[in-house]
Amino acid sequence: MEKEIVAAIMASTSDVDMMSNDRMEALTKGHGMLNIAAICAANSITEDVLRGVEMKLTDHNVQYLPVDDVLKRAIESAKLSGADSANAALISATLCYFAGTNAQVGIPAGNRKLGAMARIIAGVDRSGVLAVPTAKANNKISGYAAVKAIYDDIFDNKLSRIDGSIVPMGVGGGPLYGHGALGEDVGFPELAEKGAASGTRGMLKAYANVGMPPSPIQAAIMGAAAILEIVHPDSEVGENYGQFFVTNSAYMAGKGAVEAAGLPEKLHIRGTGEEHDTAKVVGDLGVIIKDIGGPSVIGMMVFEEILAAFEESLAIGAGFSGGPLQAPLGHMTADAVLSMKLLIETKGNIEETADRIKEVKETGWLEPEYAKIATNTISRKSEQVKRGPVTKALILATDGALAKGVYERAKFTYENLKDGKELDEIVRMMDDEKLENLEKATSGLFSSMMGKDIKIKVTKYQGCARRRPNEFLQKYCGFDTDADLEITVDGEKIVFEGLSHKVIPDAVLNKKTEILEAIPLAAVPIAELQLSGHSIINLIVPAAVAAAMGVSTPEDIARKVAAGAYISSAIPGGIQRSKEVAMRAVKIMSEF
């Protein structure tokens with residue numbers, strides 16, 4: 001291998017921060033995103049599970065359970081990367097739940113709930129569902145929508161057949177109600193199911209009415225959480241509703257919420273196939289949310305991305321770090337859940353876990369190579385905060401893709417520079433290939449989904465769609481994107497001119513149903529391009545090769561690669577990182 005290629009590979013991979021235009025350092029402290037906090041907590045929890053720590057909540061007559069220590073260590077791990085106490089509690093409780101901890105167990109003494117335990121260990125005040133926000137989907141709402149809808153129905157006497165004003169003395173508040181027919185057969189299950197449905201519908205309506213696509217899974221969890229602040233959350237219910245000690249009021253709340261949200265009956269963990277009863281998941285997570293305190297929007301975003309570990313994540317409105325789009329690095333959390341689950345399943349076998357993660361990445365993303373490199377990058381960054389089995393498995397699963405991707409681009413750049421091509425031309429060729437691969441991938445995805453022959457072609461992709469032309473928007477096409485596409489469906493061509501600034505506003509505001517139905521065919525590939533700043537090997541590797549070959553100064557090289565990277569320069573940062581990598585390549589070459 002030519003020494004220039006070796007130097008370029010070393011320079012490109014020597015600092016993980018150079019691999020992305022995303023602001024990764026901000027993820028390790030402060031108030032950026034909290035996926036690194038979740039990855040670190042997953043490392044901690046997985047270590048405890050593999051050591052054999054008992055994860056279950058029980059009503060044993062003891063002051064502390066082993067899971068108390070698991071939560072404490074997980075919360076501390078999350079806080080290492082900047083999560084505040086409330087967000088650390090939410091992250092840790094949710095991950096413990098997916099690691100196998102039950103959400104609740106209770107009698108009057110020894111009554112333990114996972115969310116409350118995490119909140120208390122973290123030192124957080126209780127706030128209530130009213131104050132819990134949703135994740136941001138351009139805008140955001142709060143659990144107030146669910147609470148209001150439930151109380152509106154309470155005032156209209158729609159949720160319970162029981163008139164509490166006539167319940168006799170000695171019955172209300174005691175076991176004749178709580179463990180008898182009036183409570184278990186009528187009061188608790190009806191209130192839980194109807195109330196959760198009401199709260200869920202309130203959330204869905206509020207989402208839509210502030211211009212947000214409703215998230216069925218978040219609406220359902222909030223609806224369940226809101227009614228579980230009212231109804232006894234761990235009461236048993238009558239046998240006609242389900243098995244004794246299996247079906248409780250939280251499950252009934254989950255059932256009502258799931259039906260109101262139109263969620264599937266079962267959910268499956270991506271890559272493992274592990275099946276979950278959706279009503280139980282929603283009810284359990286509702287119990288956690290009602291007790292957790294006051295997480296922020298950022299905390300709820302990572303909560304949503306944890307739910308992206310489900311295969312059905314897109315359909316249920318969870319996060320999108322589970323594919324097929326490659327999320328920005330700050331969103332990536334689903335892989336950590338997958339790694340944690342696989343490590344628990346394989347009893348800590350990192351090699352087997354890595355192999356299965358690799359399989360998932362290769363089949364679930366539009367651009368598997370970039371998806372693996374992105375996972376490698378965020379995992380390595382997470383290890384700067386806390387190492388552990390989760391990140392080790394993720395890195396092992398994706399190191400090969402990183403090595404191959406960097407080598408192929410270094411070799412391609414070296415050979416083309418030798419042939420006399422200009423650096424910006426070479427980089428443009430790489431981005432052209434990225435676009436062609438994405439067009440093929442999205443065409444195949446939608447053809448398979450719709451059972452039709454679909455071909456997608458991006459005919460224009462640049463900045464300055466509707467704003468006055470300026471240098472920033474001309475450099476970074478991820479903002480104010482001017483995109484045209486030609487889409488052929490079974491031989492019939494659809495042309496979208498000005499997707500973002502003409503087609504989408506017109507279709508949404510004027511409710512043009514046929515166009516709205518076709519827009520995803522165009523929106524998915526353009527969104528993938530807009531997010532491409534997560535992995536910038538098309539910038540830094542050519543820059544490193546050119547510098548190692550002495551083509552020009554690092555400053556000039558950085559400008560040229562950025563000029564050619566009309567896709568990979570979606571957001572700012574590429575010039576600075578390319579210059580840094582070029583300088584490193586020069587230093588490395590000086591040792592040869």
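Analyst: Let's start with a word we'll need: two residues are in contact if they have heavy atoms within 4.5 Å of each other. Keep in mind too that this is a predicted model.

User: Okay! Which residues of H2 meet which residues of H17?

Analyst: On the H2 side you'll find Ile39, Ala42, Asn43, Thr46, Glu47 and Leu50, and they meet Pro389, Val390 and Thr391 of H17. Sorted by class, the contact of H2 with H17 has five nonpolar, three polar and one charged residues.

User: And how do I describe the way two helices pack?

Analyst: Two packed helices are described by the angle between their axes and the distance between those axes. Here, helix H2 (residues 35-50) and helix H17 (residues 389-418) pack at an angle of about 110°, and their axes are 7 Å apart.

User: What do we call that arrangement of H2 and H17?

Analyst: Angles from 65 to 115 degrees count as roughly perpendicular, so H2 and H17 are roughly perpendicular to each other.

User: Let's do strands. In what order do the three strands of the open sheet come?

Analyst: The idea is that strands pair through bridges, with at least two bridges needed for a pair. In this sheet the order is E5-E6-E7, and the pairing is antiparallel. Strand E5 (454-462) and strand E7 (492-497) are the edge strands, each pairing on one side only. From one strand to the next, the twist averages 10°.

User: How many bridges are there between E5 and E6?

Analyst: Eight bridges, with E5 and strand E6 (residues 482-489) running in the antiparallel sense. To find one spot by eye, look for Gln462, which stands opposite Asp482 in E6.

User: How many bridges join E6 to E7?

Analyst: Six, and those two strands run antiparallel as well.

User: Now the rings. How many aromatic pairs are there?

Analyst: Rings count as a pair if their centres lie within 6.5 Å, and the count comes to five aromatic pairs. One of them is Tyr97 with Phe98, 5.4 Å centre to centre with 75° between the planes. Planes over 60 degrees apart count as edge-to-face, so that's the label for Tyr97 and Phe98.

User: Why is the pair of Phe98 and Phe310 given its label?

Analyst: Apply the angle rule again: the planes of Phe98 and Phe310 are at 70°, so this pair is edge-to-face, with ring centres 5.7 Å apart. The pair links distant parts of the chain, 212 residues apart. Phe98 belongs to helix H4 (residues 85-98), while Phe310 sits in the loop between helix H12 (297-307) and helix H13 (313-316). Ring pairs join Tyr97, Phe98 and Phe310 into a cluster.

User: Are Phe98 and Phe310 buried or exposed?

Analyst: Both are buried, and Tyr97 is buried too.

Note on methods
Residues are numbered from 1 along each chain as its sequence is written. This is a predicted model: local features need pLDDT of at least 70, side-chain atom pairs count only at pLDDT 80 or more; totals for chains, interfaces and linings use all residues. Side-chain values use heavy atoms; hydrogens and water are left out. Helices (H or I, at least four residues) and strands (E, at least two) are DSSP runs, numbered from the N terminus. Axes are lines fitted to C-alpha atoms, for helices over the stretch in contact, and angles run from 0 to 180 degrees between N-to-C directions. Angles under 35 degrees count as roughly parallel, over 145 as roughly antiparallel, 65 to 115 as roughly perpendicular and the rest as oblique. Ala, Val, Leu, Ile, Met, Phe, Trp, Tyr, Cys and Pro count as nonpolar, Asp, Glu, Lys and Arg as charged, and the others, Gly among them, as polar. Rings of Phe, Tyr and Trp (its six-membered ring) pair if their centres lie within 6.5 Å; planes under 30 degrees apart count as stacked, over 60 as edge-to-face and the rest as tilted. Buried means under 20% relative accessible area, exposed over 50%, partly exposed in between (1.4 Å probe, protein chains only).
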